Amino acid sequence: MQGKSRSPATVGEAIQRMDAYVALGLIGQQEVAQALGVNVTDLTCLGHVLGAGEEPLSAGDLAERANLTTGAVTGVLNRLEKAGYAHRIPDPGDRRRVRVVADPDAAARLVELYGPFYARLEQVFARYTPEETAVIADWFAHAAEAARAHLDALRAR
């Protein structure tokens, strides 16, 4: 596959397009959270729990990934358990810690809600060569690092 010829774009234009995408993403997250009966923070944490796969996250790991305090994660886990989306299990290596496991129905519900969007994104990625996709993936990794550094700086103020 050859890459499609595209018009040049400035950094400012790229950031403007990113801002539009992020704004839509925020609204989409709110819609999904509402459909599940949780808030956006709880949805984000549920996504991290599901993303951990077969290796359940500790509550501390979840706090770090979600950029939350451990106290805030306790509240998130209480709400996710009450809603039936996740539960705590003892850490087999350290009984003082707990691990977080998603309910299998939670994964199915998220696939139902996100599946059509991910299918659309796959169609978008089909427009790009594997090399171009690698650049996009690299950009997202570095942009996430920049976002985390900015968040840390904001919290340190």
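Visitor: How many salt bridges are there?
Guide: The count comes to seven salt bridges, in what is a predicted model.

Visitor: What does aspartate 42 pair with?
Guide: Aspartate 42 forms a salt bridge with arginine 79, and their closest N and O atoms are 2.8 Å apart. Aspartate 42 sits in helix α2 and arginine 79 in helix α4, so the pair ties together parts that are 37 residues apart in sequence.

Visitor: And is aspartate 42 buried or exposed?
Guide: Buried, at a relative accessible area of 2%. Arginine 79 is partly exposed, at 40%.

Visitor: Nice. What's the strand order in that sheet?
Guide: The order is β1-β3-β2, in an open sheet with antiparallel pairing. The edge strands, β1 (57-58) and β2 (86-91), each pair on one side only.

Visitor: Which residues have arginine 99 of β3 as their bridge partner?
Guide: Serine 58 does, and so does isoleucine 89. Arginine 99 also forms a salt bridge with aspartate 91, with the closest N and O atoms 3.0 Å apart.

Visitor: Are those two side chains buried or exposed?
Guide: Aspartate 91 is buried at 6% relative accessible area, and arginine 99 is buried at 16%. Asp91, Arg97 and Arg99 are linked in a network of salt bridges.

How values were computed:
Residues numbered from 1 in each chain as written. Predicted model: local features only at pLDDT ≥ 70, side-chain atom pairs only at ≥ 80, totals over all residues. Heavy atoms only, no water. Pairing = 2+ DSSP bridges. Helix = DSSP H or I, 4+ residues; strand = E, 2+ residues; numbered from the N terminus. Salt bridge = Lys/Arg side-chain N within 4 Å of Asp/Glu carboxyl O. Buried < 20%, exposed > 50% of the residue type's maximum accessible area, 1.4 Å probe, protein only.
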